[in-house]
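This report describes a metal site, strand pairings and nonpolar cores, with the criteria behind each term.

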Amino acid sequence: MEQKFDAVNDINRSRSNWTIKIRITRLWESPPYPKTCPDNTIDMVLCDKDGSKIAASVKSVFANKFKNNLKEGAVYIMSGFNVVASSSTFRATRHSYKLNFQYQTRIARADDDGSIHQFRFEFVPAVKIISGELDQNILVDVIGRVFNMSEVHESSSSDPNSMRVTIYIEDTDKTQLAITLWGQYANQIVQYMSKNSESAAIVVAFQFCKIKEYSGTRSLSNSMYATRVMINSDIEEIRQFHQGLQPEDLTSPMNRTGHITMTTTTPQEAAFAGYPLSSVDELYQSGDKAIVCILANVIQVNKDRGWFYNACKKCGKKVDPDGPIFWCHSCKGLVNQATIKYRVELMVLDESNSANVTIFDRDVFNIVGLQAPQLHDEHSKGMLVDANHTVNWPVKLDSFVGQTFVFKVAVVKSQWNDFTSFTVQRMTSDPSIIDKFTRYRLAKVDLNATDGNLITADKAMTSPIIDLEGRRLTFTDDANSPSTATLSSGKRSIDEASYEGHSSSEAAKQLVMPKKKIKIEKN
Ligand SMILES: [Zn+2]
């Protein structure tokens, strides 16, 4: 008969005779304490068949008794611990208690029938890390596609622990997150990048990372010893993530050749890289499924369009009420509970025209700083307090008005009528990105000036620059010169974009600082 074991989740200080069957999902050693002790201390994360995890430690003084019998990944039956409260900073589990090995602790290898998770990841959405709602004392797991990587810093070439690199990942919700890796962890990813030159997406699973906060911005870094990094490994979690990737994710800007030496493009810039800058008026002339960037000012929030929609808790897609419950078109089933997500329509304007664009959950969250359900709660409370003055609109959403953004817009033309919708895939008010787009737009506006006020420092430059009129300017994600503008050849061939023996990239360099070359005299 199968022996009954205690559930890890039940462990507390009320008794001491707990017997558990667990897998050591993670084991790491750290320097001896006290320092005079010959053996390292050993720390572990134990997981039972229910997926509950608890931390366990072997102090240096007992390490010699246990160290040869404890193997990461193996399954054991254990008993006779000292149960203590878990209160240190940077804890690997959320369990209120941890297990300290003592002299009378007993361990025995058990058969591994595969019923206990190998790693027991508990991935959290990056948005929860960024929003600050997670306890920063507890290490977190994330999974995502690497889309950018900083240059490698090494303060001492003789000390591998001084190596540092920041990688940028995008999770399943397309939220972007920076993770700074040090020492062996930095080395692990740099080695992988240099040895694997295939163009497939790189998916990385991180376990037990620290949440770092720096001037209000949160990112992750590895913990000294506990963190586990798995890069495109043959495990179910990474396979599933690969399967969920869209074709655009496979070709989007991860510069695989330049990143080892130097990549100065920020993740924000990468998101906007390679897309043509258009005027708002050009939005209406863009083809179905075109993706273009516009630089525009928000003149109003279209309140009559509402600000949220009901979303499936499982897949995050829109659900429709079906009696007291909901129908999810994506899951093709009824769901009992729905959450809400942001969907806000903005009227935006540049000097050419205005348009209504729809922005979604993450972009609204980035500006408002609250998740839709939180804003809903906050707003509802406010309405109770102020019952006579019912405003069915959270004023926080008005904070868009008057702001200038670069919007990356997907154009969708209806099959049934001539209606065209503009969906914002990403937006930013990052000054450096706005500045880039502003410079290129100034170049276009200046080039369109025909009232004779065009003054150029070098008349010879006039002709080639005017030749560029009407062609779209884009950024490329060239790691060596991220701020260099190049011409999008669009539907033209590269040859057509060349002229007078200049290559298109040479022509583009002449446009990098258009303000220096072209001035309009003020009357
Ligand atoms: Zn669903």
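## Basis of the description

Two strands are taken to pair if DSSP finds at least two bridges between them. Helices (H or I, at least four residues) and strands (E, at least two) are DSSP runs, numbered from the N terminus.

The model is predicted: local features need pLDDT of at least 70 and side-chain atom pairs count only at pLDDT 80 or more, whereas totals for chains, interfaces and linings use all residues. Residues are numbered from 1 along each chain as its sequence is written, and side-chain values use heavy atoms, with hydrogens and water left out.

## Strand β23 and its partners

β23 (residues 404-413) pairs with β24 (residues 420-428) in the antiparallel sense over eight bridges. Within this pairing, Lys408 stands opposite Arg426 in β24. The two strands form a hairpin with six residues between them.

β23 is also joined to β16 (residues 291-301) by seven bridges, and these strands run antiparallel. Here Ala296 stands opposite Phe405 in β23. Seven of the ten residues of β23 are buried, so that the strand is mostly covered; buried means under 20% relative accessible area, exposed over 50%, and partly exposed in between (1.4 Å probe, protein chains only).

## The zinc site

The zinc ion is coordinated by the SG atoms of Cys312, Cys315, Cys328 and Cys331, at 2.2 to 2.4 Å. Donors are N, O and S atoms within 2.8 Å of the metal (3.2 Å for Na, K and Ca); because water is not among the atoms, sites may look incomplete. Angles of 103 to 114° among the four donor atoms make the site tetrahedral, a label that requires all angles of four donors to lie between 85 and 135 degrees. The ideal angle for four tetrahedral donors is 109.5 degrees.

Along the chain, the donors follow the spacing C-x2-C-x12-C-x2-C. Cys315 lies in the loop between β17 (308-312) and β18 (319-322), and Cys328 in β19 (residues 325-328), so this pair ties together parts that are 13 residues apart in sequence. Cys315 is partly exposed, with a relative accessible area of 30%, whereas Cys328 is buried at 0% relative accessibility.

A nonpolar core is a set of buried Ala, Val, Leu, Ile, Met, Phe, Trp, Tyr and Cys residues joined through side-chain atoms within 4.5 Å. The largest one has 31 residues, of which Trp307, Tyr342, Leu346, Ile359, Leu397, Phe400 and Phe407 touch the most other members. Elements giving two or more residues to this core include α7 (280-285), β16, β21 (338-349), α8, β23 and β24. Apart from it lies another core, of 27 residues, among them Val142, Ile189, Ile202 and Phe206.

Contact means heavy atoms within 4.5 Å. Leaving aside neighbours within four places in sequence, the contacts of Trp307 include Ile340, Tyr342, Val344, Leu375, Trp393 and Leu397. Helix α8 (residues 361-368) has six of its eight residues buried, so the helix is largely enclosed by the rest of the structure. Gly369 follows α8 and has a positive phi, near 80°.

## Strands β3 to β6

β6 (residues 97-100) is joined to β3 (residues 53-58) by three bridges in parallel, and to β5 (residues 82-85) by four bridges in the antiparallel sense. Lys98 in β6 is the bridge partner of Ala55 and also of Val84. In β4 (residues 75-79) lies Ser79, which is buried at 10% relative accessibility.

Conventions: Tetrahedral: all angles 85-135°; square planar, octahedral: opposite > 155°, others 65-115°.
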